[in-house]
Amino acid sequence: ILTAMLYMAISLELLYDLPLWSARDLLLQPLVEPCGTYPCKADHAGSEVIALVVTEFVMMMIKPFLKLGVVYLRHRVKHLLGVKGDFLWPEFQIQDDAVNVVYFSALVWMSLSTVPYMALI
């Protein structure tokens, strides 16, 4: 959650033109004045936040399949080495998934300040 808070702080830094960590430059610079290809800085910050939310959502959906693939690959390697045994399905780790759900909901709540239509999710 700390990562999400830092990402949001950097996006809000861009939004308000107020450097948080240094007296000189912003960490996330607009491409050109006033805000690159975006009509305003709020749109730029909102698009950065949306990109983070979409990335986290996709990774949350892919992670179980990656775990299954790793376990299956490990089983095949053991089978090729001559180790006998049945395929053991990966255990469901409720603590990992609970953290992911809390983290994703925190991202959605933090994105409401720059992207109001995130409330539809």
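Q: Is F104 buried or exposed?
A: F104 counts as buried, because its relative accessibility is 13% and buried means under 20% relative accessible area (exposed is over 50%, partly exposed in between; 1.4 Å probe, protein chains only).

Q: What kind of model is this, and what are the ground rules?
A: This is a predicted model, where local features need pLDDT of at least 70, side-chain atom pairs count only at pLDDT 80 or more, and totals for chains, interfaces and linings use all residues. Residues are numbered from 1 along each chain as its sequence is written, and side-chain values use heavy atoms, with hydrogens and water left out.

Q: What pLDDT does the chain average?
A: The average is 77, and 73% of the residues score at least 70; pLDDT is the predictor's confidence in each residue, from 0 to 100.

Q: Which element has the lowest mean?
A: Helix α1 has the lowest mean pLDDT, 69, while α2 has the highest, 86.

Q: How many helices and strands are there?
A: The chain has 3 helices and 0 strands, in the order α-α-α along the sequence. Both are DSSP runs numbered from the N terminus: helices are H or I with at least four residues, strands E with at least two.

Q: Back to F104. Which ring does F104 pair with?
A: By the ring rule there are 3 aromatic pairs. In one of them F104 pairs with F57, tilted, at 5.9 Å centre to centre and 40° between the planes. Rings of Phe, Tyr and Trp (its six-membered ring) pair if their centres lie within 6.5 Å; planes under 30 degrees apart count as stacked, over 60 as edge-to-face and the rest as tilted.

Q: Where do F57 and F104 sit?
A: F57 is in helix α2 and F104 in helix α3, 47 residues apart, and the pair links distant parts of the chain. F57 is partly exposed, since its relative accessible area is 40%.

Q: What about Y72 and F87?
A: Y72 and F87 form an edge-to-face pair, 5.9 Å centre to centre with 65° between the planes. Y72 lies in helix α2 and F87 in the loop between α2 and α3, so the pair ties together parts that are 15 residues apart in sequence. Y72, at 45% relative accessibility, counts as partly exposed, and so does F87 at 24%.

Q: Which residues form the aromatic cluster?
A: Y72, F87 and W89 form one aromatic cluster.

Q: New topic: which residues are in the largest nonpolar core?
A: That core has 11 residues: A4, M8, V49, L52, V53, Y103, F104, L107, V108, V115 and M118. The elements that give two or more residues to this core are α1 (2-16), α2 (41-80) and α3, with α3 giving the most, 4 residues. A nonpolar core is a set of buried Ala, Val, Leu, Ile, Met, Phe, Trp, Tyr and Cys residues joined through side-chain atoms within 4.5 Å.

Q: What does V108 touch?
A: Leaving aside neighbours within four places in sequence, V108 is in contact (heavy atoms within 4.5 Å) with V53 and M118.

Q: And S111, what does S111 touch?
A: S111 touches M8, V49, V53 and M118, not counting residues up to four places away in sequence. S111 is in helix α3 (residues 94-111) and counts as buried because its relative accessibility is 0%.

Q: How much of the whole chain is buried?
A: Of its 121 residues, 24% count as buried.
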